[in-house]
Amino acid sequence: MRTRTNTDNGGARFAWPGRLAGGAMALGLALTGTVQAQEEEPIKVGILHSLSGTMAISETSLRDVALMTIEHINEQGGLLGRELEPVVMDPGSDWPTYAEQAREMLEREDVAVIFGSWTSVSRQSVLPVLEELNGLMFYPVQYEGEESSRNIFYTGAAPNQQTLPAVDYLMSDQGGGAERFYLVGTDYVFPRTTNRIVRAYLNEHGIGDEDIEEVYTPFGHDDFQTIVNNIGDFAEGGPTAVINTVNGDANVAFYQELANQGIDPIDVPVLATSVGEEELRGMDTDPLTGHLAAWNYFMSLDTPENDKFKERWAEYVDENDLPGGDDRVTNDPMEATHIGIRMWAQAVMQAGTTDVDAVRQAVYGQCVDAPSGFEVCMDEENHHLHKPVIIGEIQPDGQFYPVWETDEVVRAEPWSKYVEESEDKIADWTYPWVCGNCEEAQHDLGF
Amino acid sequence: MRTTAWTLCRALTVCVLLALPLTAAAMDSADERVQELDENPEAAAERELASVAGRELDAGTAEVLAGLATTDRATLEQAIEQVAALQDPEALPTLFALRDRRLYFTDDQTLIIEDSDDGSLREAVTGRERPDLETSQLSQPRVTNTVRRALRPTIAALQIFSDDDAARRAAADELAENPQPELREAIKRAAEEEDDAATERLLNIALAQLDLDSEDDARRLEAVKLIAEVRANRLRSDLAAMTGRDDDGNYVEPVAEIREAAAAGVRAIDRRAAFASFASNFVYGLSMGSVLLLAAMGLAIVFGLMGVINMAHGELLMIGAYTTYVTQNLFALLAPEWFHYYLVAAVPLAFVVTAVVGILMERGIIRFLYHRPLETLLATWGISLILIQTVRWLFGAQNVAVSSPPWFAGSVQLMQGVSLSTSRVGVILFAVFVVALVWYLMNRTRLGLEVRAVMQNRDMAAVLGVPAKRVDMWTFAVGAGVAGLGGVALSQIVNVGPEMGQNYIVDSFMVVVLGGVGNLLGPVFSALGIGVTTKFLEPAAGAVLATILVFAAIILFIQWRPQGIFALKGRAADD
């Protein structure tokens, strides 16, 4: 744990020259111009991802890619002439700890911004702390929507940026013209909300409830025999697609059983919303080959931006000798983390300060050439990113072959119009609304 | 006797502790070997067909194939239709290449096939090698599921005249599932030429589906009868439609005889479906029950007979599964020719390794805590955490890949609509083996006799010269070893990771408590009972609610009958 508190500026400056000299020497004389500038206090950046416990498998690589991006910015001379200093904490997959550590980051470490969290429950545990202390967090994972906080920027997909376009694809000629949908998920908030939205969306598109089956499994379910058998029976009734929101490694048992019972992706495509490159690593991909996943980024995308991103990642893994070595992959939440940091950095330069209120204003409309090959921009109003939607087919090597993508980026709808309670809700942080969860404008100057 | 046991014990411990880090280090390279050895045998057979080296296509075929050189999906599908109309088996290598995404084309529309063996590039039409090209400069048709859906009957149509029996059978099977009206003549011709009875029948089924809307009454009747005979669920709606009336009140099917045949067919299909759903629930229940049983059998000895609340039981399963993984990788490294039989070796090894871990637990900690259940509970929970962290440290936090041997791949079709994966059949058989083994150990060996004696009356047994403490140790070792066997079975059907055991601890206790503490027949009945009940509830209630209902039922049952299904009679029951 860091012992130096940030309130004592004089002491901090006094403590710095020794370390700085070392840093400057390492950077070489070519950077002498920036040494002067870097004598300023570094900007602290919080990274709040679980590095132990059940979420470690997913979140560790987000920490790594965040450090990589920060290192790159520092190599370019930092921001406002100041170096970025990452403050990494490990909430250990324990949701209340996320809140405690976020508080510690904001109060004791005085970080300018936090990049972190994966599950919705961890984000919701941090949220009150952020709002109380006016902190700023970038959240990089696709989620069920129904939220827009003034203190969070959501760089992952909302349901209309992932699942709904995927449903469109499955109903299209190219996707197999599905007329029946089998929705299978783990029993918690993301699958339940997503499926609710999907069901309403399907109903609106002429698919009745008799052609929709919705089932849930407990966490860590490993016996999918009955479910897969039912999928087979259900598919007898017409062209069928499965939307899979099963969480984590239970997917292995699910796809294994699909293969065992001879359910072929050509007849019954299974579209996953939480299976990415990182999850496929160390999974036997044979039974999954040909099934689909919807994301906003795939490692296999052939774009110059992605080549650069992957190259930088491979170098970073190699230099730091990260576990996994050559097998390390990039995935959607990593891209979203990377985009988030770049966006924040651009906003800081634009605002000329790290002050949260100023930076927040500068993030609105900020654009980045994303590894996905699209120019993605932060929405002017709702704190969510405009993203392309891409559907990929799982390949034997654990990569995705992109089969379909949107022509342009899709604007997020944090409050789904397909959920009854939220259909009238507005997320708009500009005047006169200035709210993330309301049905009428908060302000009126009466002119 | 006692000292020998101790020496053996210590020697084993040292060996295990030394061997683990070494094997862990070798695992990475072994994992790659495993992937190589795990290749699909079917792929090899197709590869023969797929090579274009030394073949030259005739000009007509070449011209039609050239249509495949497109990146537009709709054009590509049209081109596939044209290839299908050609009916030239010489087009097969190109179609295989297209399906497997090995087909490329140059800017001037020359089709190039990437060899699946050596990756060399050849022209599809001439078979000439093109070392001057690289895949990165070539374009590729976008092959999606729709394209493959169009390819499948096309490939099948080309293969129904193949010389290879298996290829013809597979093609007929595909056509029976998915008959294409434009292939009718080809299917008819193939059915006439076919010698193999099963293949001919499949082709006839395909024809029957096409004949359902034939103008000829006799052919329609014939078709309905055949479909009723095979009772394919998929065709139920077609038959049902024939029995109904249209909007004007006229029968859709004018001929009464055909209508009756169709109605009989629908009834037959419904009967079959009802029976299939009952049978599948039962079979899945047995399968789930046998997994539960294997997970719980070790605990039935440790908790059931000895009364030790072993919270580290799940971790013993996990160690059994990791032993399987290590065995697999050792085989891949040291004896690749025997690789597919590694499971056979993993069974005794897993027993020994977990038994040793069990002995260490018993001698090191648990023996000081007999008759102090609360402390035992806490201590064994601590052990479980230590074991999880140790495995994480040795093998990493990620799940490890345990491959199923080829004789465990695929599934067994018990009847139409009821299939069980081969690995689950294996698990059921293995459960029978483990129960038999435990029964033999307990009822036919001296150790078993001593265990039963100590269990029934410890003091009296000791007075009669049974070394009670040593019996404790061996009983615990056997219980742990049996848990290790459960781990081997689990490694074939679930993920192997450091925390895998946590999923089974509650289920295992549930099985033992419900079965009745102190006997070994109880868990067999309770595991199968829980499995079958869950599976019969699941289709109606869903997996989440089914689990809850079963838990609730067990609580009620235990309230009503605290001693479980089988009560122990005699003095031990008085404790």
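I checked burial in chain B and found that buried residues account for 43% of its 575 residues. The model is a predicted one, and I read every entry below with that in mind.

I then listed the secondary structure of chain B, which comes to 21 helices and five strands. For contacts in chain B between residues at least 6 apart in sequence, I noted that 71% join residues at least 24 apart.

Next I turned to one helix. Which residues of helix α8 (residues 184-193) of chain B are buried? I found B:A186, B:I187 and B:A190. These three lie on the same side of α8(B), because they cover an arc of only 95° around the axis. On the other side of α8(B), I recorded B:E185 and B:E192 as exposed. I also looked up the packing partners: the buried residues of α8(B) pack against α6, α7 (165-177) and α9 (197-211) of chain B.

Last, I examined the contact between the chains, to which chain A gives 32 residues and chain B gives 32 residues. On the side of chain B that touches chain A, α6 (145-159), α12 (256-305), β5 (418-421) and α21 (521-560) of chain B each supply at least two residues. Which element gives the largest share of that side? I noted α21(B), with seven residues. Sorted by class, the side of chain B that touches chain A holds 16 polar, eight nonpolar and eight charged residues.

Notes:
Residues are numbered from 1 along each chain as its sequence is written. Chains are lettered from A and ligands numbered from 1 in the order in which they are written. This is a predicted model: local features need pLDDT of at least 70, side-chain atom pairs count only at pLDDT 80 or more; totals for chains, interfaces and linings use all residues. Two residues are in contact if their C-beta atoms, placed from the backbone, lie within 7 Å. Helices (H or I, at least four residues) and strands (E, at least two) are DSSP runs, numbered from the N terminus. Ala, Val, Leu, Ile, Met, Phe, Trp, Tyr, Cys and Pro count as nonpolar, Asp, Glu, Lys and Arg as charged, and the others, Gly among them, as polar. A residue is buried if 20 or more other C-beta atoms lie within 10 Å of its own, exposed if 12 or fewer, and partly exposed in between; C-beta atoms are placed from the backbone. The arc is that of the directions from the helix axis to the C-beta atoms.
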